[in-house]
Amino acid sequence: MRLAILAALFLATPATAETVVVTAARMLDVERGRVTTKPVITITDGRITAIGGVVPADAKRIDLGDVTILPGLIDMHVHLDADARISGYRRLEYTDSFWAAVGVANAKSMLEAGFTTVRNVGAENYNDVGLKQAIERGYVPGPRIVPSGYALGATGGHCDGTESLPPSFQDVPNPAVADGPDAYRRLVRVMRKYGAEAIKICATGGVLSKRDAPGAQQMSLDEMKAVADEAHMLGMKVAAHAHGTAGINDALRAGIDTIEHASLADAESFRLAKEKGAWFSMDIYDDDYILAEGAKNGVHEESLAKERAIGRKQRETFRNAHRAGVKMIFGTDNGAVFPAGQNALQFAKMVEWGMTPIEAIRAATTNAAAALARDDVGAIAVGRWGDLVAVAGDPLADVRVLERPVAVIKGGVRAK
C-alpha cells in the first residue's frame, strides 16, 4: 500500500522545469537583418521563453562570450545514411546495416556544424526514421530530422537503386519504385505508414545515377499530381528531384512544394514557382566537390561528364531564379555529394552567385522553416526551440564565418 501511495505521488508531481540562460556579445536578428548587442535568451525545457528581461535566479548560465549568435541552421536536402567518399559501385562492398551506422556519425557532424534541423530526402531501409527516433530518445546526438523514407521514382529512373545493375537483379524487391498514378498513391501511404514526414520523388534523371540523363523527365504529370494530392491530403510536403526543364515545370504544375536542384529551370519555371508558391532548393556548391574529388571517390565517369555539362548551368539558373524573385531555401545534398558537416560551404557560393549574406542566411533559417510549415525552428523567438549557433565575427560582413561555428546549442543543451 505504501509503495502504491508513493508511486501515485511521484506520478502526480510535475518534473522541475530546467531553465538555461544564454548570453553573448551579439545576436543576428535574421528576420530584420540586423545585429543587436548583449542578448539574453532564456530557454525552459528546450523552448525559448524570453529574450531579455529578468534572469531567473536558479537558471543555468551559458555565456558564449565575444561571438555572434543566430538561429540554428536548417539544411533542406541531406542524405544522412550516405558517404560521398564511397560512391558508384564501391557502395556494393558494404552490408546494408553499415549505412545506418554512417547515419549516426553524419548526424553528429551536421549538428556540430550548426545545422540543428535537417530534412532527409531519401534513405534506404527507413534509416532516417530510425535515426530520428534514436536522437529523440537520447541514444545518439544529432539534429532534428524531417524524414522521408525512400525517395520514390520510376522503374529504371534516378531513384531506382538497381538502375546500374544487370538484368539478373531485376527481381530484387525495390520499395521505392512505382509506375502509374495509383501505384504512387500507394507508395505515399506506405512511406507515411512507416514514419515519413515528407515525400521525395525523382521527377527527372540525375547526375550520380549512371544510365539516365539529368534533363530527361521520368515521371508523368499525372503521376506527380497523384503524389502531391495524396501527400497533401495526409498533411505532408513533397520535394521533387528535378534537373530538366520539362520535369521541373510539370512538378510545379502538379503542386510539388520544393524543387530540388532545378538546374535547367527557365522563365516559365520561375513564373510557375511564383504562381504556385513553390521553393527552389539549389545545391550550387556541389559542382566544386564532385569535379575535384568524384573520380577518387568512385563516381562513374558518365556521372562526371554529366556534372561537367550541368554544373555551371545550375549556378546561372540560381542567379536568374533569384533575380526573378523565386523563393529560395538552403539545400546541399550533403552526405551523398560531399562529406557530412561541410554543409555551410554553400553559403559563400550563394553569395557569389547573387544573394546578399542575409538572404543566404534566411534561406537556411526563416525560409526553410516556412517551407517546412513549422513555427518552432528557424528564428530566435519566444515559443521556438532553443536552437542556436555561435560564430566568431559578423556573418553579414563575411558569410564564411558560418563554416567555423564555435558553439552549437540544441534545445538549450550545448552540443559543441
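The protein chain divides into domain 1 (19-71 + 379-414) and domain 2 (73-342), with bounds from an automatic or database domain assignment. The model is predicted: local features need pLDDT of at least 70, side-chain atom pairs count only at pLDDT 80 or more, and totals for chains, interfaces and linings use all residues. Residues are numbered from 1 along each chain as its sequence is written, and side-chain values use heavy atoms, leaving out hydrogens and water.

The C-alpha centres of domain 1 and domain 2 lie 31 Å apart. Each domain gives 11 residues to the contact (heavy atoms within 4.5 Å). About 780 Å² is buried between domain 1 and domain 2, 59% of it on carbon and sulfur atoms. Buried area is the accessible area (1.4 Å probe) that two parts lose on being put together, summed over both. Asp-387, Val-408 and Lys-410 supply 56% of the area that domain 1 buries against domain 2, more than any other three residues.

One salt bridge is counted between the domains (a side-chain nitrogen of Lys or Arg within 4 Å of a carboxyl oxygen of Asp or Glu). Asp-387 pairs with Arg-144 in a salt bridge, with the closest N and O atoms 2.8 Å apart.

A disulfide (a pair of cysteine sulfur atoms within 2.5 Å) joins Cys-159 to Cys-202, with S to S at 1.8 Å. The link of Cys-159 and Cys-202 is right-handed, with 40° about the S-S bond. Cys-159 is buried at a relative accessible area of 13%, and Cys-202 is buried at 1%. Buried here means under 20% relative accessible area (1.4 Å probe, protein chains only).

Note on methods
Buried means under 20% relative accessible area, exposed over 50%, partly exposed in between (1.4 Å probe, protein chains only).
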